[in-house]
Amino acid sequence: YKQAESLLREALEVEPDAPDLLYNLAAACQNQRRFAESEELLERVVTHSSDYVFAAASLAQLCISRNQLHRAHQLLESLRQIKQMSHSEFDAFCAAHVDLYLAEKDKKTAQAWFGVWASADPNNPRLARYKSLW
């Protein structure tokens with residue numbers, strides 16, 4: 001992760017506001033247990049690129065873990081306007097919704113989001129974590 005961080009910082013010198021670089025730098029920091037720096041980077045991405053799915057979904061997951069459910073809703077709501085997502089973006093988007101509704105003890109809505117996710121990508125290995133809940 002240190003090498004990735006170094007390369008990402010170099011790339012950011014050329015493109016200082018590139019959301020993908022900032023998001024990946026946040027991941028590198030998180031994996032080095034520098035959580036505050038990671039969160040600051042995610043906030044920066046969401047502030048400047050609110051439609052960057054990975055950052056908004058990651059920040060929403062962090063809010064869910066802190067029981068800041070209203071903020072998680074706001075972050076995910078901003079993503080619902082996006083008309084096309086890659087498979088991995090949709091994966092992060094749906095997982096955050098399932099986790100949010102589970103945190104709110106709204107199993108019915110969580111299950112509905114799980115169904116949307118599973119119908120789009122039935123072989124996704126991340127689904128196994130949730131299948132036992134239904």
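A salt bridge here is a side-chain nitrogen of Lys or Arg within 4 Å of a carboxyl oxygen of Asp or Glu. The model is predicted, so local features need pLDDT of at least 70, side-chain atom pairs count only at pLDDT 80 or more, and totals for chains, interfaces and linings use all residues. Residues are numbered from 1 along each chain as its sequence is written, and side-chain values use heavy atoms, with hydrogens and water left out.

**View 1. Arg126 and Asp91 meet in a salt bridge.** Their N to O distance is 2.8 Å. Arg126 sits in the loop between helix 7 (107–120) and helix 8 (128–131), while Asp91 belongs to helix 6 (residues 87–103). The two are 35 residues apart, and the pair links distant parts of the chain. Helices are DSSP runs (H or I, at least four residues), numbered from the N terminus. Arg126 is partly exposed, with a relative accessible area of 36%. Asp91, at 11%, counts as buried. Buried means under 20% relative accessible area, exposed over 50%, and partly exposed in between (1.4 Å probe, protein chains only).

**View 2. Arg9 forms a salt bridge with Glu37.** The closest N and O atoms are 2.6 Å apart. Arg9 lies in helix 1 and Glu37 in helix 3, so the pair ties together parts that are 28 residues apart in sequence. Arg9 is partly exposed at 34% relative accessibility. Glu37 is also partly exposed, with a relative accessible area of 27%.

**View 3. Arg44 and Asp17 are joined by a salt bridge.** The N to O distance is 3.3 Å. Arg44 is in helix 3, and Asp17 is in the loop between helix 1 and helix 2. Arg44 is partly exposed, at 32% relative accessibility. By the salt-bridge rule, the count comes to 10.

**View 4. Helix 2 packs its buried residues against other helices.** Helix 2 covers residues 19–31, which makes 13 residues. The expected span of a helix is 1.5 Å times one less than its number of residues. For helix 2 that gives 18 Å, and its end C-alpha atoms are 18 Å apart, which agrees. The buried residues of helix 2 are Leu21, Leu22, Tyr23, Leu25, Ala26, Ala28 and Cys29. They pack against helix 1 (2–14), helix 3 (35–48) and helix 4 (53–65). Just after helix 2, Arg33 takes a positive phi of about 65 degrees.

**View 5. Ser38 is a buried residue of helix 3.** Its relative accessible area is 4%. Contact means heavy atoms within 4.5 Å. Leaving aside neighbours within four places in sequence, Ser38 is in contact with Ala26, Cys29 and Gln30. Ser38 and Ala27 are 11 residues apart in sequence and 6.7 Å apart in space, C-alpha to C-alpha.
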